[in-house]
Each structure stands twice: as C-alpha cells, then as structure tokens.
Amino acid sequence: KASADDWAALAAERPDDVAARVHQGKNLYAAGIYDKAAAAYQDAIKIDGRNAAALVGLARALDMLDQREKADESLAAALALNPQNTAALMA
C-alpha cells in the first residue's frame, strides 16, 4: 500500500505519466485493493488507450471485483493490440 501511495503522489505531480498509474495499479492490486487498482488502470488507459499493461491490469482487477464481462472486454482490447500478449493470454 505504501508503494501505491508513492506512485499516486508521483502521478499527481505528472498528470500524463501512464507508467506511474500502471505501477500504482500493480501495487494496489498486490495489496488487495482491487477497486482502487481498477481506477488507477482506468486512469492510465484514459491517457494511453493502447497501453497493454494497463488493459491487462484492469482486466485482472475487474475479475477480482466479479466484473467478468468488463474484464473480458479489457483483455480483448489488449489482445487486439497484440494477439501474442503473454500476460493477456495467461489472464
């Protein structure tokens, strides 16, 4: 959680920093805070809708929130960018 807070602070300083939001999402997911992880990934996707890491992360967070249809849509978007995306295929 502390790492997620650090990334959130960095993201606040850099409004267009996709990587900060992806890292924030990863740390929130690891802490089991899936709703906030999903929000961080969605923020990253708003900045760069072609960011596969954000799309896959969002899918994983949504799956944990029992939002399977939305999770599948996010995975499909990641696979549309790269059909061989290992993370998307494994998710």
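This is a predicted model: local features need pLDDT of at least 70, side-chain atom pairs count only at pLDDT 80 or more; totals for chains, interfaces and linings use all residues.
## Helix 1 against helix 2

Helix 1 spans residues 2-13 and helix 2 spans residues 18-30. Their axes come within 8 Å and cross at roughly 160°. Angles over 145 degrees count as roughly antiparallel, so helix 1 and helix 2 are roughly antiparallel to each other. Their crossing is left-handed.

On the helix 1 side, the contact is made by Ser3, Ala4, Trp7, Ala8, Leu10 and Ala11. Helix 2 meets them with Ala20, Arg21, His23, Gln24, Asn27 and Leu28. By class, this contact has 7 nonpolar, 4 polar and 1 charged residues.

## The nonpolar core

The largest nonpolar core has 21 residues. Val22, Tyr41, Ala54 and Leu58 have the most contacts inside it. Helix 2, helix 3 (34-47), helix 4 (52-64) and helix 5 (68-81) each supply at least two residues of this core. Helix 4 gives the largest share, 7 residues.

Leu58 touches Ala38, Tyr41, Gln42, Ile45 and Ser74, leaving aside residues up to four places away in sequence. In soluble globular proteins, nonpolar side chains tend to be buried together.

## Helix 4 against helix 5

Helix 4 and helix 5 pack at an angle of about 160°, with their axes 8 Å apart. The two helices are therefore roughly antiparallel to each other. The crossing of helix 4 and helix 5 is left-handed.

Helix 4 contributes Ala52, Leu55, Val56, Leu58, Ala59, Leu62 and Asp63 to the contact. Helix 5 contributes Arg68, Lys70, Ala71, Ser74, Leu75, Ala77, Ala78 and Leu81. The residues of this contact divide into 11 nonpolar, 1 polar and 3 charged.

Key
Residues are numbered from 1 along each chain as its sequence is written. Side-chain values use heavy atoms; hydrogens and water are left out. Axes are lines fitted to C-alpha atoms, for helices over the stretch in contact, and angles run from 0 to 180 degrees between N-to-C directions. Helices (H or I, at least four residues) and strands (E, at least two) are DSSP runs, numbered from the N terminus. Angles under 35 degrees count as roughly parallel, over 145 as roughly antiparallel, 65 to 115 as roughly perpendicular and the rest as oblique. A crossing is left-handed if the near helix is turned anticlockwise from the far one by less than a right angle, and right-handed if clockwise. Contact means heavy atoms within 4.5 Å. Ala, Val, Leu, Ile, Met, Phe, Trp, Tyr, Cys and Pro count as nonpolar, Asp, Glu, Lys and Arg as charged, and the others, Gly among them, as polar. A nonpolar core is a set of buried Ala, Val, Leu, Ile, Met, Phe, Trp, Tyr and Cys residues joined through side-chain atoms within 4.5 Å. Buried means under 20% relative accessible area, exposed over 50%, partly exposed in between (1.4 Å probe, protein chains only).
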